[in-house]
Amino acid sequence: MKRIAIIGGGISGLSAAFALEKHRLAGASLEYVLFESSPRLGGVLVTERVDGCLIEAGPDSFLTEKPWASDLCREVELGEQLIGSNDADRITYILVKGRLVVIPDGLMFMVPTKIAPTVLSSLFSARTKLRMAREWFHPPRKGDADETVASFVERHYGAEMVDRLADPLLSGVYGGEAAQLSVRAVLPRFAEMEATHGSLGRAMLAARKKMAHASKAPAKPLFTSLKDGMQQLVDAVVSRLPASAILANSPVQRIQRQDSGWVVSAGYASDQFDAVIVATPAQAAAELLGMASAELASELRGIQYTSSVTVNLGYDRSVRASLPPGFGFLVPRSEGRRMLAATFVQNKFPHRAPEDRALLRCFIGGARNEQVLQAPDDEVLRIVREELQQIIGLTADPLFTRIYRWKGAMAQYGVGHLERLERVENLLRQLPGLTLAGNGYRGIGVPDCIRSGSEAASKVLLAVGLPEVPARIASD
């Protein structure tokens, strides 16, 4: 009987546990134990219902183009619960000099693919529009050295594009800054496009034409979620795991190599395992693995994280009627605000608020505002309400509010991140039976975390000599 420990009960750890459970049910001679330091499982995937509204404390959806989250949903029989974002009303604004400006149609992240909307947009100056035109003639450029997203974007489109689009978009996803994040780790497809085409605009158009010829199916929604919220996935996965395999409220203090296996120490108890999956943030993994490999721990400590605060506010019918159409807005740092972004939930996912309610999700924190995590609730609400008044003229008192703090939740893939991961993987080869999962390595979104957990399970099964025997776990 092979024994496997999973440290961390977020979606990465749960995905690993689910993969192991499939093999156990298929007859593999194994048992596993999942250690979670907090009372609940699921990490940042938390859903709450208030006044008829469905509130997400963490991610409200995932990118449809990344299949691993949808695949897991279908495996746990949530396929019929999958819903797409209301892309027919997908408009996103950028705050520019105190007013909201629509991101023009055809702009793929920061790459213009339609001429007229971009030329007519007030989002960019004439100088930046000229840079966009010149960008079509960029020759292919393959650089071996990594660089920041900011330097990459500025080389193609200028500093204004960094300020008004690249930086606020990345702040919304990573809570970080374009001037710090690695283009090879964060935007690998763009780095490849530059190497093969030179011009990102020409590369994007070529890719779109190729996709149009390959498939005549209707366009998929940009975002996918679940009817009853993201926690629905957590609950479905947990329901398919044996209760005896889950140890909540069980913080692990250290992981040590012993003979050909591993010893996991949690509280006053220690237990032996043949393999260990560490599915915690990289900083926490470093603390756990310091005695097993000081060099590995040092590399993991080098992966930085930022924190965020999510503020949900519910309003009545009159506010709903007064809000701009679309999904919400992003705030460049140059605007001098503390808010990073806001989502109009009732537009993005209409079923999440009754017709007589408006639901706003506002985000503050990030790399330059970590201190807001310590601010009391009334101060956080004051900041958000004051800036909502200044940006969209919202003065009404909310019917309800919910504030969620996520300390060190967003990994920062700095310059050299991929090289760091190569060193980490080389060190792991010296520690058979140990593997890592989570958002600190090769993707920060929910699908990436699910993939990392599943891949970690495959690696430890191989390490302990158990064959890959996929199986479907049916509900009772």
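1. How many bridges join strand E16 to E22? There are 3, and the two strands run parallel. E16 covers residues 275-278. Valine 278 has leucine 436 of E22 as its bridge partner. Two strands count as paired if DSSP finds at least two bridges between them.

2. This is a predicted model: local features need pLDDT of at least 70, side-chain atom pairs count only at pLDDT 80 or more, and totals for chains, interfaces and linings use all residues. Residues are numbered from 1 along each chain as its sequence is written, and side-chain values use heavy atoms, leaving out hydrogens and water.

3. E16 and E22 belong to an open sheet of 5 strands. The order is E12-E2-E1-E16-E22, with parallel pairing. E12 (246-247) and E22 (434-436) stand at the edges with a single partner strand each, so one side of each has no neighbour in the sheet.

4. The protein has 17 helices and 22 strands. Both are DSSP runs numbered from the N terminus: helices are H or I with at least four residues, strands E with at least two. The radius of gyration is 23 Å, close to the 23 Å of the globule rule for 476 residues, so the protein is as compact as a globular protein of that length. The radius is taken over C-alpha atoms, and the rule is 2.2 Å times the number of residues to the power 0.38.

5. Buried residues make up 54% of the 476. Buried means under 20% relative accessible area (1.4 Å probe, protein chains only).

6. Take contacts (heavy atoms within 4.5 Å). Among those between residues at least 6 apart in sequence, 75% join residues at least 24 apart.

Notes: Buried < 20%, exposed > 50% of the residue type's maximum accessible area, 1.4 Å probe, protein only.
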